[in-house]
Amino acid sequence: MSSSIPIRPAEHFENLERQAHAARLGMWVFLATEVLLFGAAFALFATYQVQFPHAFKLGVEHNTKVLGSLNTGVLLLSSTLVATGVHALRAGHRKVASWLVTATIGLGLVFLVIKGIEYGKHFDEGIYPGGAGHWFAEHHDRGLAEFWTLYFGMTALHAIHVTIGACVLGALLSSILRGRLGQENAHRLEVGAIYWHLVDVIWIFLWPLFYLA
Amino acid sequence: MSSFALPKTVVRTGLALFVLWAASFGLSYVHLGSASLLVALAIAAVKAALVVMFFMELLHESLSMKLTLAAAGGLLAILIGLMIADAATREPPPLVPPGYPAPDVAKIPSR
């Protein structure tokens, strides 16, 4: 871990600082498109919520609230850890950073496992996307199919993002361990962490909509 | 190498996030009526702002990054705002065209 390869900026950058700025700007532009992608889904949710407030309330009351809330805590903790990891790498503590990134990836996997348990519970009850399953034969409120379809669609889209985020952090972790990522080019971990935080921010809004209110 | 000192900003932000998380969870058991969704979303907005400002460090970023996110936020506000305004003020479609007999309500499928 102690020996690191000297890090130079890419040819078309004057120095590492400019390269870091470009990398961060690129990530923010990408995140803006992600916000618009999820924004469309949130707009759809808002429209159906206004149309079928009663069914959406029933859906929320029937959801796996404790597991969903636990998952919120898992993501908040993971975000705190990876933010600490970025600070550690900037200060030259590569070993600390690598442990923190490992813990972040681990919590991401815990999130996915809990999400899977939740899906399993819904399927057992006969709740499937598109209003399929015997639960909908017993619950007739107009709008319930829309609620559960949006729930599965939006949380699955989010889970895909968690998976991608964990893979990105995994690649960065491998770079840290191989000595290719350190204090000088810590912006690479920064950019990966920013993506992870956005995934957290999206869940921060999914949680109250599908589990609380 | 000196030992790693925990960054204070990150620790404080993390603690604030967990306090808000607990508050949001607790408030969901209080019957606030129609305000409950707004309260929960307001807390979510504060949490998101904390993450964006202190974890993603937008507070200390250059103007170009702030403008990028502001543009996305502005477009999103237009999209969601207009969609809600439309859905909330739309007239329900007439079930029966004028001049036709009223339908048998029992025969209309519930879903």
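A salt bridge here is a side-chain nitrogen of Lys or Arg within 4 Å of a carboxyl oxygen of Asp or Glu. By that rule, two salt bridges cross the interface of chain B and chain A. In one, the side chains of A:R24 and B:E61 come together, at 2.4 Å from N to O.

Before going on, some bookkeeping: this is a predicted model, with local features needing pLDDT of at least 70 and side-chain atom pairs counting only at pLDDT 80 or more, while totals for chains, interfaces and linings use all residues. Residues are numbered from 1 along each chain as its sequence is written, chains are lettered from A and ligands numbered from 1 in the order in which they are written, and side-chain values use heavy atoms, leaving out hydrogens and water.

Now for the whole interface. Counting contact as heavy atoms within 4.5 Å, 46 residues of chain B touch 53 residues of chain A. The buried area (accessible area, 1.4 Å probe, that two parts lose on being put together, summed over both) is about 4300 Å² between chain B and chain A, and carbon and sulfur atoms give 77% of that.

What about the chain on its own?
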